[in-house]
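Hi everyone, thanks for coming. Let me put the model up on the screen, and then I'll walk you through a few parts of it.

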Amino acid sequence: MLIFANFWIDFIILITVLFSIIYYYCTSTFNVWKKLNVPYIRPIPLFGNYLRVALGIENPMETYRKIYCELAGFKYGGMFQMRTPYLMIRDPEIINNILIKDFSYFTDRGIYVDFKTEPLSEVLFLMNNPRWKKFRSKLSPAFSSGKLKQMFNQIEKCGHDMINNIFAELKKNPNDIDMRDVVAKYSMDVIGSCAFGLTLNVASDDTSLFRKYGKTAFGPSILYFIREICVMISPAILKILRLTFFPSKTTAFFGSVFKETKTYREQNNVLRNDIVHALIQAHQSDENSSKDETLMESQILSNAFGFFAAGFDTTSTSISYCLYELALKKNIQDRVREEIKLTKSKYNGVIDNEFLNDLHYLDMVIAGNK
């Protein structure tokens with residue numbers, strides 16, 4: 001009986017020690033804001049203020065909105081993304097200083113990425129300083145307003161294809177049309193043309209591999225959910241598990257497409273006003289630089305893929321929400337239509353970059369739906 005009693009005592013002590021260690025790990029960072037005398041939202045062990053996000057119940061943006069409202073009356077306040085302390089700035093003047101005057105101190109975005117594990121993650125958005133500053137100076141010329149204007153004809157052609165697709169869909173079903181799907185196809189065609197130099201015709205081809213892998217890049221998955229939880233708890237876990245942001249098949253597909261396009265153009269001296277050409281030029285003009293400053297082919301590929309990742313879902317979502325709101329508010333819809341008609345007559349029916357820049361009310365409508 002004595003041995004049995006000792007076993008249970010040892011077991012309880014062991015459990016208590018393990019629980020204490022785990023609890024300490026889950027709460028060891030929670031005194032940061034208190035010590036700094038910064039107002040903060042009371043956290044939950046391990047999850048911080050991110051419990052509903054971690055469980056997939058709530059979108060992170062909704063969580064940030066609630067925290068922002070809870071910190072009303074303060075210029076800034078503390079919060080916790082799992083164990084990691086974050087400072088939320090509410091004061092416009094401080095925000096302005098961070099983004100402009102003192103930007104040199106706040107260049108990093110705090111997003112963890114393992115470039116070795118994720119070959120297509122070396123995009124400007126994810127790089128830290130001073131690497132970010134170096135590559136930004138090299139890639140910025142590829143995205144100048146002048147070069148973007150040169151792509152207008154390609155975007156216009158994709159617009160005509162979208163209109164034809166809309167008429168085709170209405171012939172099948174005159175009463176209903178899935179504008180989210182129509183706009184997503186349009187976005188894919190534009191990105192395929194401008195970023196990868198390919199005529200995809202996704203608008204009329206539902207079997208397109210570009211569309212298939214585009215969907216998998218942003219579709220919800222268990223692995224993506226696990227990855228996000230690991231990042232929020234500790235990036236060290238991610239290094240062990242080697243989970244990637246995008247599915248490996250998706251990155252392999254886009255990687256092979258860009259390499260084939262780049263190789264074909266270099267071998268056949270093909271010139272085309274798109275992102276591929278601009279990135280190839282940036283790579284070629286950089287060949288005489290030192291090894292540490294040279295743009296590698298993988299980095300050129302990453303930024304082409306980054307253009308796709310940044311533009312596909314964001315563009316289609318913004319446009320579809322905007323169209324939905326216009327359908328509900330006919331008075332605003334009529335005003336937008338009238339502005340387009342008047343501006344079109346002003347430019348003698350020519351739709352170009354100057355024409356689009358003159359659509360001030362439409363610009364406000366789109367900005368209000370972002």
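Predicted model: local features only at pLDDT ≥ 70, side-chain atom pairs only at ≥ 80, totals over all residues.

Residues are numbered from 1 along each chain as its sequence is written, and side-chain values use heavy atoms, with hydrogens and water left out.

The chain has 18 helices and two strands; these are DSSP runs, H or I of at least four residues for helices and E of at least two for strands, numbered from the N terminus. Along the principal axes, the C-alpha atoms fill a box of roughly 95 × 55 × 50 Å. Of the 370 residues, 36% count as buried, meaning under 20% relative accessible area with a 1.4 Å probe, protein chains only.

Now the helix pair. Two packed helices are described by the angle between their axes and the distance between the axes. Helix 9 (residues 179-194) and helix 15 (residues 297-328) have axes that come within 9 Å and cross at roughly 145°; axes are lines fitted to C-alpha atoms over the stretch in contact, with angles from 0 to 180 degrees between N-to-C directions. Residues of helix 9 that meet helix 15 include Val-183 and Ile-191, contact being heavy atoms within 4.5 Å.

Not counting residues up to four places away in sequence, Cys-230 touches Pro-235, Ile-237, Leu-238 and Leu-241.

Key
Buried < 20%, exposed > 50% of the residue type's maximum accessible area, 1.4 Å probe, protein only.
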